[in-house]
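Hi,

Here is the structure I said I would pass on to you.

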Amino acid sequence: AVVSTQSTGRKKEVQQLCTQLNVLLVDKMNSRVEGAYINQKKLQAHTRQLQLNTANLQRQSDQWLKLLDSFNQALKEIGDVVNWSKSLECEMTKISHTLAYAYKGEVERVQSSSSSGILDQ
């Protein structure tokens, strides 16, 4: 009977130790799962922030591209105005030379007719 009582006592002690071991193992596992869950939540928050930053960067890049395109168009228009003004200047120079040439010819014709008119009298 003494052995049976000792055996029962040992059995209860082993059961208590096993229960404590199970509790410790479950607690350890729960703390690891909790750590993984917390890390997952942090990663999700960082991912959302990264998505927002990426969207902002994309929007800003699109704005810069539009600004650059409009600047490029303005430069082209300035180039067109410069070309137009050079072309106009060239045409005006031709007209000026033509008028000067015509005036010089008219002056010479008037002078020669004046000279010949004086001689004819």
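Let's start on the surface: Leu65, Leu68, Phe71, Leu75, Ile78 and Val82 make up a nonpolar patch there, and together they have about 570 Å² of accessible area. A patch here takes residues with over 30% relative accessible area and no salt bridge, joining nonpolar side chains (Val, Leu, Ile, Met, Phe, Trp, Tyr) within 5 Å and like charges within 9 Å. Accessible areas come from the Shrake-Rupley method with a 1.4 Å probe, and for residues only the protein chains shown count as cover. Leu65 sits in helix H1.

Before you go further, please keep in mind that this is a predicted model, where local features need pLDDT of at least 70 and side-chain atom pairs count only at pLDDT 80 or more, while totals for chains, interfaces and linings use all residues. Residues are numbered from 1 along each chain as its sequence is written, and side-chain values use heavy atoms, with hydrogens and water left out.

Now the overall picture. The protein chain has one helix and zero strands (both are DSSP runs numbered from the N terminus: H or I with at least four residues for helices, E with at least two for strands). Its radius of gyration is 51 Å, well over the 14 Å that the globule rule gives for 121 residues, so the chain is more spread out than a compact globule. That radius is taken over C-alpha atoms, and the globule rule is 2.2 Å times the number of residues to the power 0.38.

Ser7 and Arg32 are 25 residues apart in sequence, and their C-alpha atoms are 37 Å apart in space. Gln60 and Lys86 are 26 residues apart along the chain, with 39 Å between their C-alpha atoms. Both Ser7 and Gln60 are found in helix H1.

How much of the chain is buried? Of the 121 residues, 0% count as buried (buried means under 20% relative accessible area, exposed over 50%, and partly exposed in between, with a 1.4 Å probe and protein chains only). The accessible surface of the chain comes to about 11,300 Å², and 61% of that belongs to carbon and sulfur atoms.

Next, the charged pairs. Side chains of opposite charge can pair when their charged atoms come close. The count here is two salt bridges, taking a salt bridge as a side-chain nitrogen of Lys or Arg within 4 Å of a carboxyl oxygen of Asp or Glu.

- Glu91 and Lys94 meet in one of them, at 4.0 Å from N to O. These two residues are three apart in helix H1 (residues 2-120), which puts about one helical turn between them. Glu91 is partly exposed at 40%, and Lys94 is partly exposed at 47%.
- Arg109 pairs with Glu106, and their closest N and O atoms are 2.6 Å apart. Both lie in helix H1, three residues apart, or about one turn. Arg109 is partly exposed at 47%, and Glu106 is partly exposed at 37%.

Last, the cysteines. A disulfide is a covalent bond between the sulfur atoms of two cysteines. How many does a search of the whole structure find? It finds zero, with a disulfide taken as a pair of cysteine sulfur atoms within 2.5 Å. Cys18 is partly exposed, with a relative accessible area of 40%, and Cys90 is partly exposed with 38%.

Cheers
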